[in-house]
Amino acid sequence: MQDFNKLWMIFKDKFADTGLTKGAFSAPGRVNLIGEHTDYNDGFVLPMAIEKEVIMLGQLRNDRRVRVFDFGYNTEIDFSLDKLIPLRKNTWANYLMGVVDEIQKAEYILQGANLIFKSNIPRKAGLSSSAALEVVTALAIAELNSLKIEPVKMARLCQQAENNFVGVACGIMDQYVSCLGQKNYALFIDCRSNNYEPVPFKDHNYQIVICNSEIQRSLVNSEYNKRREECRIAGELFNHKLTSEILALRDVTIDEFKQYQEYLPEPIARRARHVISENYRVQTGVQALREENFSAFGELMVESHRSLKNDYEVSCAELDLLVDLALKQEGVLGARMTGAGFGGCTVNLLKRDYVDVFEKRIKKEYKKTTGITPDIYITRPAGGAKVLKFR
Ligand code: GLA
C-alpha cells in the first residue's frame, strides 16, 4: 500500500513511543471461486486471497490497555484486556476485541498495545473485510507478544471470535484463506480436516473479475444463521435414515439425497440439495482447474449460482442481474454470486482479452437497470497474512 509510510507518521502522531516491540502486518480479503455455504457443513471450498488488504501497525504498551485507531473511518476505541464486552456502537471493534478474547481464552498471556489500521477491502461487499481485520489483529497481537500461533489455529481463533463475540455462526473459510492464501493459487480446503491443497491459477489467458453489486443487506446475519440451522436439521434427518453415521451434510452422497429427499420437509430438502451438490461441484471444479479445463470450471460456476438462487435462496435481484449480464458478454466462461449472499459481489471467469470490454459493458448495463454503477475489481490470487516489518 502506498500510504504505508503515512500510516507510520500518523501512528507516531497518535501514540507516544513506549519503547517496546513494534511491527507492521497485513491480511488480505478473499473471493470464493466455488463452494458456497459448504464450509459449516464440514464440506469443501475453493477460495483465493485477493490483492486487497488490511494493514495494521502496532506497538506493545506497558499496561493492559488496547487503543485502536481505524484510519479509514477516523474513529478510535480503547479497551482493557481484562474487560472484554461486545460494543453496541463502533461494532467494527468487536472483531478486534473478539480476537483478543479468544487468544486469551486459549491461555496465551497478552500485554496491552497501540494499534492503527487501514483497509482497502470494500466493507460489506462479501469480500471478507471483517475476516481480514480479525486475522491481521491476531497476527499483530501474536507477533508483538512473541507468541507462536500456527496459521490454521489462528484461523480457528478468528472464526471463534466471530461466532462468540460478533454472533455470526460463520464457517472457517474466510479466516483460513486470509491466513494461508498463496500467490497464484486458489486453496482447495477440506473444512472437516482443515487441510488444504493449493490449486494453480496463473494461466495468463484467464482472469478472475469481481463485480460489486453495491447492495448491502442487513438480513445477512440472521438469514445466515437460519441456513446453518436448516442444514443441521437436514443432517439429523439423514442420520436417522442412513446406516452410516452422518455428522454433517458432507457425509451425504447425491444418490442418498435422491433416495431420501421425500422425507425432508421444504425448504430443508432444497437447502440440503444445494450443499450436497455444491460439494460435488467443488471437487469436480478442482479437477477441471488442474486439467486447465477453464470452460468446464465456468459451467460449474453457473450451476453453483443457480443452486444458490433457487435452492439455497441467498441471492438477490441485483446479483442475478450481474450474473445474467456477465453471461451475455463475449469471453465469459462463468459467473456466480460469491460469499454469504443477499448482496455483495459476483465472481467471474473471463478470457483476459475481453476484460476491458466486459468492464465497460457491465458498468453501463447494470447502471441502466439499477441506477447504480458497480465497482469492478481485477485481481490475481494473493498471498495470505504476513509480517511487513518488525522491530
Ligand atoms: C461467509 C462466511 C463463510 C462462508 C460463506 C458462504 O463468508 O463467513 O464462512 O460460510 O459466507 O460460503
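Buried, as the word is used in these legends, means under 20% relative accessible area, while exposed means over 50% and partly exposed covers what lies in between, with a 1.4 Å probe and protein chains only. This is a predicted model, in which local features need pLDDT of at least 70 and side-chain atom pairs count only at pLDDT 80 or more, whereas totals for chains, interfaces and linings use all residues. Residues are numbered from 1 along each chain as its sequence is written, and side-chain values use heavy atoms, with hydrogens and water left out.

**View 1. Helix α3 is mostly covered.** Helices (H or I, at least four residues) and strands (E, at least two) are DSSP runs, numbered from the N terminus. Of the 16 residues of α3, 14 are buried. The helix runs over residues 129–144 and reaches 22 Å from its first C-alpha to its last, close to the 22 Å expected at 1.5 Å a residue, the expected span being 1.5 Å times one less than the number of residues. After α3 comes S146, which has a positive phi near 55 degrees.

**View 2. Y95 belongs to helix α2, residues 93–105.** Contact here means heavy atoms within 4.5 Å. With neighbours within four places in sequence left aside, Y95 is in contact with S130, L133, E134, E162 and V166. Between the C-alpha atoms of Y95 and T137, which are 42 residues apart along the chain, the separation is 8.6 Å.

**View 3. Helix α11 covers residues 355–370.** This helix has 16 residues and spans 22 Å from first C-alpha to last, close to the 22 Å expected at 1.5 Å a residue. Its buried residues are V355, F358, I362 and Y366. Seen down the axis of α11, these buried residues fall within an arc of 50 degrees, so they line one face of the helix; the arc is that of the directions from the helix axis to the C-beta atoms. An α-helix has 3.6 residues a turn, so residues three or four places apart point the same way. The buried residues of α11 pack against β8 (206–212), α10 (317–328), β9 (332–338), β10 (345–351) and β11 (375–379), while D356, K360, K364 and K368 are exposed on the other side. G371, whose phi is positive and near 80 degrees, follows α11.

**View 4. E318 is a residue of helix α10.** With a relative accessible area of 18%, E318 is buried. Apart from neighbours within four places in sequence, E318 is in contact with S213, I215, R217, Y366 and T370.

**View 5. H37 sits in the loop between β1 (22–34) and β2 (44–60).** H37 has a relative accessible area of 4% and is buried. Not counting residues up to four places away in sequence, H37 touches Y224, H274, V275, L308, Y312, V314, G339 and A340. H37 and H305 are 268 residues apart in sequence and, C-alpha to C-alpha, 12 Å apart in space.

**View 6. V282 lies in helix α8, residues 268–290.** V282 counts as buried, at 0% relative accessibility. Its contacts, with neighbours within four places in sequence left aside, are I34, G35, F44, V45, L46 and F188. K52, 230 residues from V282 in sequence, is 24 Å from V282 in space, C-alpha to C-alpha.
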